[in-house]
Amino acid sequence: MALDGTLRGASSARDRGRPIRRPCRWRSAAGLAITFQAQEALSPYAFVSPTPPQITFASGLELPGAKAFAVAEDGTPAALRTERKVQVFLSPELLAEDGFATLTLDT
């Protein structure tokens, strides 16, 4: 999986625990969930995570860009670069005041 670009949440301080005088039924805090799993192709179709990436929270770190999507003659998609498979950098800003209220990582 390649995560590139900007992930934006839209939570405010009141989404983070401040009391709300008149709660809105339709409003909820922004959350982000990222799952690094695959599903087996044979029954019972279990979810597995044989090679979860190392996840690092840091600002300003970047991996080389992913190659353009391509498939071989047999229809098999080209693999991601190794460094893209084994490492994920997430910015701490994802959980800043204007970011996501919750973050769930499932490896």
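1. The lining of the second largest pocket comprises eight nonpolar, four polar and two charged residues. In this classification Ala, Val, Leu, Ile, Met, Phe, Trp, Tyr, Cys and Pro are nonpolar, Asp, Glu, Lys and Arg are charged, and the others, Gly among them, are polar. The model is predicted: local features need pLDDT of at least 70, side-chain atom pairs count only at pLDDT 80 or more, and totals for chains, interfaces and linings use all residues. Residues are numbered from 1 along each chain as its sequence is written, and side-chain values use heavy atoms, without hydrogens and water.

2. The second largest pocket holds about 310 Å³ of space. Of its 14 lining residues, Met1, Phe36, Gln37, Thr51 and Pro53 are the closest to its centre. Helix H1 (82-86) and strand S5 are the elements that give two or more residues to this lining.

3. For the largest pocket, the volume is about 590 Å³. Its lining has 24 residues, with Leu3, Gly5, Phe89, Leu90 and Ser91 nearest the centre. Strand S5 (residues 87-90) supplies the largest share of that lining, four residues. By class, 11 residues are nonpolar, eight polar and five charged.

4. Alanine 66 is located in the loop between strand S4 (54-57) and H1. Its relative accessible area is 33%, so it is partly exposed (buried is under 20%, exposed over 50%, partly exposed in between, with a 1.4 Å probe and protein chains only). Beyond residues up to four places away in sequence, alanine 66 touches Ala2, Asp4, Leu80 and Arg84, contact meaning heavy atoms within 4.5 Å. The C-alpha atoms of alanine 66 and leucine 3 are separated by 9.1 Å, at 63 residues apart along the chain.

5. Terms. A pocket is an open set of points on a 1 Å grid over the protein atoms alone, where a 1.4 Å probe fits, with protein on both sides within 12 Å along at least five of seven lines; lining residues have an atom within 4 Å of a point. Grid points are joined across faces, edges and corners, and a volume is the space filled by probe spheres set on the points. Helices (H or I, at least four residues) and strands (E, at least two) are DSSP runs, numbered from the N terminus.
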